[in-house]
Amino acid sequence: MQHPNLETRHPLQADEETGFDPLHDFNKNHSRGSLNGRSSQPQSTSLSYRKEWDDLFLNSNYLARIRQAGISGRLRSSRFRSVCWKLYLEVLPEDKSQWISKTRELRSQYEKIKEMHITNPRKAKGQQDLVVNNPLSQDEGSPWNKFFQDKELKGMIKQDVLRTFPEIRYFQDEDVRTKLTDILFCYARENEQLLYKQGMHELLAPIVFVLHCDHQAFQHASETASPSEEMKCLLNPAYLEHDAYAMLSQLMETAEPWFSSFEREVRKGKEEMLTSIPFSRPQDAGPSVAIVTKVNRIQDQLVKKHDIELHMHLNRLEIAPQIYGIRWVRLLFGREFPLQDLLGGVGRALR
Amino acid sequence: MAYAYLFKYIIIGDTGVGKSCLLLQFTDKRFQPVHDLTIGVEFGARMITIDGKQIKLQIWDTAGQESFRSITRSYYRGAAGALLVYDITRRDTFNHLTTWLEDARQHSNSNMVIMLIGNKSDLESRREVKKEEGEAFAREHGLIFMETSAKTASNVEEAFINTAKEIYEKIQEGVFDINNEANGIKIGPQHPTTNSTLSGSQGGQHAGGGCC
């Protein structure tokens, strides 16, 4: 599959590790298209933008093809990566005629969710009885009770949002941080058994970033040409938060077990733990949590099968798979690569 | 590098109290104000000298959030020392100490030396927990206590080293059975040269870390 635009330099290809926001450069220089010298005229930029869309999605077998493109890393510089991710995550249906309606439906769902969970007790409707509805009320049903619980949860999320990709300027923006916090908060409230767990913030961040990049490209392309209705709807920057929420929710369908701390076995008693083999592998001592089972399997089976030497080395050094594996799996390898590589990688992992 | 003893430590406490920063300050002598939060468990090492003997500290830095508790618990076992950390600017992190302590005592060997640390002592203006409260808690539960600042490095060396001294004294007194490695203590290798391959591959992450 040949996409002329895949050669185009993407802002994410700039070196992130310097802490410099590549998007700044991108905005200043105006066009990704112009950077490669291929399409220095505004007209051809917009044409190529349209063509890139058509190449990706105007094909009877497009879904299989963009999956393949994602796996082989060819979406790296695509300006519609967020659309591809939505398709991988089934946030968008395969049938393109439903894209706009589905998008609107999900956005209005988030609108309702947010309205329901992010409430100001002073404005809350309903309970007007001041015995219940006052800040000092101990009543379970008091909107103030909820308000204080929410405050605690929000504080917990906010603390982690402040530590999200600290080296990238985009995530230092107060507005972006508020969006991340609100999305995670709504997710926690919608999934009370899971709530918010550390690591979710690092799954959400790349999603938000990819949406943001595509929105930037869209806004630029719209200056010179009239985009299609689908583009206008799907890439509307006003709905970044809504779309990110829908994508996170879908992603968590897969990732949820790695965040669960549900223990499947009764823990071993202290006696047994202390009398077991000295310096025995910590991975064998703990209770059976889904993620521990998973990382044990990675080391004891996958690594052993594919790299016996590495497997022996790890065992010799008594390196438990938890040390590297929990981070790998819970963050879907999000921390193991620089962000721009990760964005390609996550796309691949999704499919 | 050869060492006389290896002591295994764990660092525990609520999320955001500065566990990873304490470790980084101790192993690398630097402070990183904003960093990725710890997912699961991280690892650091450094060589210190006590009583003229080289002692290697192997430190396990655990994630603070409750959801990791069931995973990190298994690291309590076989630790000779624990740094239990709270944030002097956040009362709730102090209030949770009892839970942490119960958890640590339940899953570790009874001789484990526990150092209580009130971190972020540089943020005096935002202090919510008095130093006396920390001292009282430590006295009541038989812990050693110190206030530290991972930012200014104040008392960081002392916290790690004093814990080691206490463990070392217990060894001298015969409290620890050093032949039982479940106590978190290993006697150094008899033939240091056999360890050379390990030191080569482990040197990278924590520059001050020495070898394994």
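Colleague: What makes you say that both faces of S4(B) are covered?

Modeller: On one side sit B:Gly81, B:Leu83, B:Val85 and B:Asp87, on the other B:Ala82, B:Leu84 and B:Tyr86, and all of them are buried. Buried means under 20% relative accessible area, exposed is over 50%, and partly exposed is in between (1.4 Å probe, protein chains only). For strand S4 (residues 81-87) of chain B, that makes seven buried residues out of seven. Mind you, this is a predicted model: local features need pLDDT of at least 70, side-chain atom pairs count only at pLDDT 80 or more, and totals for chains, interfaces and linings use all residues. Residues are numbered from 1 along each chain as its sequence is written, chains are lettered from A and ligands numbered from 1 in the order in which they are written, and side-chain values use heavy atoms, leaving out hydrogens and water.

Colleague: How do you know which strands S4(B) pairs with?

Modeller: Two strands pair if DSSP finds at least two bridges between them. Strand S1 (residues 5-12) of chain B has four bridges to S4(B) and runs parallel to it, while S5(B) has seven bridges to S4(B), again in the parallel sense. Both counts meet the cut-off, so both are pairs. Look at B:Ala82: B:Ile10 stands opposite it, and B:Ile114 is its bridge partner in S5(B). As for the names, helices (H or I, at least four residues) and strands (E, at least two) are DSSP runs, numbered from the N terminus.

Colleague: Over to chain A, then. Why is A:Asp182 called buried?

Modeller: A:Asp182 has a relative accessible area of 10%, which is under the cut-off, so buried it is. A:Asp182 is in helix H8 (residues 174-190) of chain A. Neighbours within four places in sequence aside, A:Asp182 is in contact (heavy atoms within 4.5 Å) with A:Tyr110, A:Lys114, A:Ile118, A:Lys154 and A:Glu241.

Colleague: Why is the pair of A:Lys114 and A:Asp182 called a salt bridge?

Modeller: The rule wants a side-chain nitrogen of Lys or Arg within 4 Å of a carboxyl oxygen of Asp or Glu. The closest N and O atoms of A:Lys114 and A:Asp182 are 3.5 Å apart, so the pair passes. The two are 68 residues apart, A:Lys114 being in helix H6 (residues 99-117) of chain A and A:Asp182 in H8. A:Lys114, at 25% relative accessibility, is partly exposed. In general, side chains of opposite charge can pair when their charged atoms come close.

Colleague: Which residues make up the network of salt bridges around that pair?

Modeller: A:Lys114, A:Lys154, A:Asp182 and A:Glu241 are linked. Over all chains, the count is 22 salt bridges.

Colleague: What makes A:Lys158 and A:Glu174 another one?

Modeller: Their N to O distance is 3.1 Å, and that is within the 4 Å of the rule, so they qualify. A:Lys158 is partly exposed at 26%, and A:Glu174 is partly exposed at 45%.

Colleague: And why do you say that B:Lys29 and B:Glu157 tie together parts of chain B?

Modeller: Their side chains meet in a salt bridge at 3.3 Å, N to O. B:Lys29 lies in the loop between helix H1 (19-28) and strand S2 (41-50), and B:Glu157 is in helix H6, so the parts they join are 128 residues apart in sequence. With 56% relative accessible area, B:Lys29 is exposed, whereas B:Glu157 is partly exposed at 27%.

Colleague: How do you know that the length of H6(B) agrees with its residue count?

Modeller: The expected span is 1.5 Å times one less than the number of residues. For the 17 residues of H6(B) (residues 156-172), that should be 24 Å, and the end C-alpha atoms are 25 Å apart, which agrees. Among its buried residues are B:Phe160, B:Ala164 and B:Ile171.

Colleague: What makes A:Glu90 and B:Lys120 worth a look?

Modeller: Their phi values. Most residues other than glycine have a negative phi. A:Glu90 has a positive one of about 60 degrees, and phi of B:Lys120 is near 75 degrees. A:Glu90 is in the loop between helix H5 (81-88) and H6 of chain A, and is exposed at 53%. B:Lys120 lies in the loop between strand S5 (113-119) and helix H5 (131-141) of chain B, and at 21% counts as partly exposed.
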